[in-house]
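Colleague: Could you show me how to read helices and aromatic contacts in a model like this one?
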Amino acid sequence: MENLKLLYTGKTKNVYALPNGNCLLLFKDDCTGKDGVFDPGENSVGLTIEGVGDVNLRMSIYFFEKINAAGIKTHYVSADLANTTMEVLPAKVFGKGLEVICRRKAVGSFFRRYNEYCTEGQDLPYYVETTFKNDALGDPLVTKDGLVDLGVMTSEQYDSLKEQTQAITKIVADDLAEKGMELYDIKFEFGYAPDGKVMLIDEVASGNMRVYKNGEYVDPMKLNELFFA
């Protein structure tokens, strides 16, 4: 790693430039949280859990390969478990970073916002919402019209992003269902290739999912154990 150019230091991953034009993601054991307690919803690193980088990489490899096989474009090229790294295609982020959430149940922040119009845990038809990555502003919601009018993406890119989000969510949900678990919602990040085509980037790991088993919430670290059992 010492011979590679460091492009970006993230909370849970570092990004390096590779000689072939691709990038290398180094998965770290740092986790978001507060007061030493793991919380994927927090915006700052709160603790280090040995081995979490490895398991996040393993789950990401599993799903990226499955998503690629389904004909959906991602940035995944290959991975090296021994060094906890993933080689990925270069991609530009939308704006200064965009998060995409797909919801199958009305829980969490969705229920807090819209509880006058729904019951907690109500089924949602793969509801997609987008937020700008901005810790200071609390990751504000933004609509398709907002994204297009602000020049963040084209209407066609948004439609592709939404379609991919719903298709990927179904792949993850069906896989978890086979293991006796239910996916309530999941968070993704998307970017775009030099040709403008939208593709899934970052990771697909337990810390980005809200999963239940027999009606009980499954903690992300417990989910890792159940997933690879």
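Predicted model: local features only at pLDDT ≥ 70, side-chain atom pairs only at ≥ 80, totals over all residues.

Colleague: What span does helix 1 have?

Modeller: Helices are DSSP runs (H or I, at least four residues), numbered from the N terminus. The expected span is 1.5 Å times one less than the number of residues. Helix 1, residues 52–69, has 18 residues and reaches 26 Å from first to last C-alpha, close to the expected 26 Å. After helix 1 comes G71, with a positive phi near 85°.

Colleague: And how do I read a ring pair?

Modeller: You describe a pair of aromatic rings by the distance of the centres and the angle of the planes. Rings of Phe, Tyr and Trp (its six-membered ring) pair if their centres lie within 6.5 Å; planes under 30 degrees apart are stacked, over 60 edge-to-face, the rest tilted. That rule gives 11 aromatic pairs here. One of them, Y62 with F227, is edge-to-face, at 5.2 Å centre to centre and 85° between the planes. This pair links distant parts of the chain, with Y62 in helix 1 and F227 in helix 5, 165 residues apart.

Colleague: Is F227 buried or exposed?

Modeller: Buried means under 20% relative accessible area, exposed over 50%, partly exposed in between (1.4 Å probe, protein chains only). F227 is buried at 6%, whereas Y62 is partly exposed at 30%.

Notes. Residues numbered from 1 in each chain as written. Heavy atoms only, no water. Helix = DSSP H or I, 4+ residues; strand = E, 2+ residues; numbered from the N terminus.
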